[in-house]
Amino acid sequence: MSFLVIGECVADIVPAPAGSGAADRVHPGGSPANVAHGLGRLGRDVTLLTQLADDDAGRLIEAHLRAAGVRVEVGERPPRTPSAVVGLDADGRAAYRFDIAWTLTGGAPAGPAPDHLHIGSIAAVTAPGAAAVLAETERLRAHATVSYDPNVRPALMGEHGAAVARVERCVALSDVVKASDEDLAWLYPDEEPRAVAARWRGLGPTLVLVTRGAAGSFALGREYLVEAEALPAVVVDTVGAGDSFMSAVLDGLAGRGRDALGALGAEDLDALLRRASAAAAVTVSRAGSQPPDRAELEAVLRGDVLRSGRAR
């Protein structure tokens, strides 16, 4: 089972406390890159098509991805690797200030078509590179299942109505969509998450998943709506937790074509949510986007570790 992820890499910069004399911390980030990294950590065959500069941050991110077994295809070398200055609130929730451009023009690497394509976040909606992402999605979906995570970044989304239209186009091209309640609150401020999920299901996806922080998550399939509680964990920060959730979802669905996705029962969806919630719980328990490997994930699912947390 082969995965292709198309999207941005970002150097997440966590400033040192004022007056501490410590250096700022730099963590590899970017939602699509985090999803690819999470899949690699789970032992999956995954390629990331992205943009990275030949600078310190780019080399750090590429080494991080390759260490997890991710094949990194750099479509273009921008002048500098995109970055985001990360601020954490008292609950460890992250907010970002971006320096990023997405200008990808090339397509997927040569070779056999992937079995599954994942797109998301900045790269799927930011001109001019979003056009290349959508073109590849339209081309590859004839042979591959598709997943999408909007991972909304309001500062980069532009005019609200146009942003919603771009997101909904990606939703319509996908088989599996995952969003957080915060994503949905920005996109549709007057609607309940379940109502949005139902409408998105009507656009084309077979499965829509929504994470709700400490309130847990839910999955809306073709026939069933299933809810799951968040696994308890001590929260260090929430950086990458939603991406870890997404990686675990894709791992749990690996090998299922469109017909099989449509046949998912309530027990299947419950197991999927629990698996993804376990991966997110591991990630929030440590600094930065550090998703579990397969052994860690299985240990959490057996109840061997962890304590109070959230998926985002």
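Mentor: The discussion below covers helix contacts, cavities, a pocket and some backbone details. Please keep in mind that this is a predicted model.

Trainee: Let us begin with helix 1 and helix 8. At what angle do their axes cross?

Mentor: Helix 1 spans residues 31-41 and helix 8 spans residues 241-253; their axes come within 8 Å and cross at roughly 50 degrees. Helix 1 is therefore oblique to helix 8.

Trainee: Is that crossing of helix 1 and helix 8 left-handed or right-handed?

Mentor: Helix 1 passes helix 8 in a right-handed crossing.

Trainee: Which residues meet there?

Mentor: Helix 1 contributes Ser-31, Asn-34, Val-35, Gly-38 and Leu-39, and these meet Asp-243, Met-246, Ser-247, Leu-250 and Asp-251 of helix 8. Sorted by class, this contact holds 4 nonpolar, 4 polar and 2 charged residues.

Trainee: And helix 8 with helix 10: what is the crossing angle there?

Mentor: Helix 10 covers residues 266-284, and its axis comes within 8 Å of that of helix 8, with a crossing of roughly 145 degrees. The handedness of this crossing is right-handed.

Trainee: Which residues make that contact?

Mentor: On the helix 8 side they are Ala-241, Ser-244, Phe-245, Ala-248, Val-249, Asp-251, Gly-252 and Leu-253. On the helix 10 side they are Leu-272, Leu-273, Arg-275, Ala-276, Ser-277, Ala-279, Ala-280, Thr-283 and Val-284. The contact of helix 8 with helix 10 comprises 11 nonpolar, 4 polar and 2 charged residues.

Trainee: Changing topic, how many cavities of 30 Å³ or more are there?

Mentor: The count is 2 cavities of 30 Å³ or more.

Trainee: What lines the largest cavity?

Mentor: Its lining consists of Met-1, Phe-3, His-116, Thr-145, Val-176, Leu-250, Leu-253, Ala-254, Arg-256 and Leu-261. By class, that is 7 nonpolar, 2 polar and 1 charged residues. Leu-250 belongs to the helix 8 side of the contact with helix 1, and Leu-253 to the helix 8 side of the contact with helix 10.

Trainee: And which residues line the second largest cavity?

Mentor: They are Ser-121, Ile-122, Val-125, Thr-126, Pro-150, Asn-151, Arg-153, Leu-156 and Met-157. The classes here are 5 nonpolar, 3 polar and 1 charged.

Trainee: What is the phi of Ser-121?

Mentor: Ser-121 lies in helix 3, and its phi is near 55 degrees, a positive value in a residue other than glycine. Most residues other than glycine have a negative phi.

Trainee: Which residues are joined by a cis peptide bond?

Mentor: Ala-127 and Pro-128 are joined in this way, with omega about 0 degrees. Pro-128 sits in the loop between helix 3 (121-125) and helix 4.

Trainee: Lastly, how much space lies in the second largest pocket?

Mentor: The second largest pocket contains about 260 Å³ of space. It is lined by 16 residues, of which Thr-47, Pro-109, Ala-110, Pro-112 and Pro-114 are the closest to its centre.

Trainee: Which elements give two or more residues to that lining?

Mentor: They are strand 1 (2-6), strand 4 (45-51), strand 5 (71-76) and helix 4 (130-140). Strand 1 supplies the largest share, 3 residues. By class, the pocket lining has 9 nonpolar, 3 polar and 4 charged residues.

Key: Residues are numbered from 1 along each chain as its sequence is written. This is a predicted model: local features need pLDDT of at least 70, side-chain atom pairs count only at pLDDT 80 or more; totals for chains, interfaces and linings use all residues. Side-chain values use heavy atoms; hydrogens and water are left out. On a 1 Å grid over the protein atoms alone, a cavity is a set of points where a 1.4 Å probe fits but cannot get out, and a pocket is an open set with protein on both sides within 12 Å along at least five of seven lines; lining residues have an atom within 4 Å of a point. Grid points are joined across faces, edges and corners, and a volume is the space filled by probe spheres set on the points. Helices (H or I, at least four residues) and strands (E, at least two) are DSSP runs, numbered from the N terminus. Ala, Val, Leu, Ile, Met, Phe, Trp, Tyr, Cys and Pro count as nonpolar, Asp, Glu, Lys and Arg as charged, and the others, Gly among them, as polar. Axes are lines fitted to C-alpha atoms, for helices over the stretch in contact, and angles run from 0 to 180 degrees between N-to-C directions. Angles under 35 degrees count as roughly parallel, over 145 as roughly antiparallel, 65 to 115 as roughly perpendicular and the rest as oblique. A crossing is left-handed if the near helix is turned anticlockwise from the far one by less than a right angle, and right-handed if clockwise. Contact means heavy atoms within 4.5 Å.
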